[in-house]
Amino acid sequence: MVKNVRILEFPCYLDRFGSLVAIEACDTIPFDVKRVYYIFGVEDGVRRGFHSHEALEQALVCVHGSVTILLDDGSEREEIVLDDPTKGLYIGHMVWREMFDFSPDAVLLVMASEHYDTSDYIRDYKVFCRQAQRR
């Protein structure tokens, strides 16, 4: 498996009123959440991401539909399908990610450990590979 990545399992409470999943910072996800955003309405064939982060940690949850995430730590590559709102994907720093195969109804929720900072992004795959090999 790719380093610095793991599946997160969230408790789901089901009763006659429906299902509820609670996500708590520093508990069900391993960091304090400073930023939340979601991706939806992605057209067929579109790929997103194409970057890594120097320090940022993220937790991704496909709360509706499905999406495939390509993960790469500079040595190993892996694809994970997110299609269950009770499961999330933790992505630590220095992991290249690409998101694709969004179902038409997909809503991908992303929780981040830091506020947006463009200087934390590595957007060139060759640069990422060089930096990943040094770690």
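Student: Which residues do ring pairs link into a cluster?
Tutor: W96, Y125 and F128 are linked into a cluster by ring pairs. Rings of Phe, Tyr and Trp (its six-membered ring) pair if their centres lie within 6.5 Å; planes under 30 degrees apart count as stacked, over 60 as edge-to-face and the rest as tilted. The model is predicted: local features need pLDDT of at least 70, side-chain atom pairs count only at pLDDT 80 or more, and totals for chains, interfaces and linings use all residues. Residues are numbered from 1 along each chain as its sequence is written, and side-chain values use heavy atoms, with hydrogens and water left out.

Student: How many aromatic pairs does the structure hold?
Tutor: There are 6 aromatic pairs. One of them joins W96 and F128, which is tilted because the ring centres are 5.7 Å apart and the planes stand at 40 degrees.

Student: Where in the chain are W96 and F128?
Tutor: W96 is in strand β10 (residues 96–100) and F128 in helix α1 (residues 125–134), 32 residues apart, so the pair links distant parts of the chain. Helices (H or I, at least four residues) and strands (E, at least two) are DSSP runs, numbered from the N terminus.

Student: Is F128 buried or exposed?
Tutor: F128 is buried, at 0% relative accessible area. Buried means under 20%, exposed over 50% and partly exposed in between (1.4 Å probe, protein chains only). W96 is also buried, at 3%.

Student: Changing topic, which ring has the charged end of R47 over it?
Tutor: That is the ring of F100, with the charged end 3.9 Å from the ring centre. The criterion is NZ of Lys or CZ of Arg within 6 Å of the ring centre and within 35 degrees of the ring normal.
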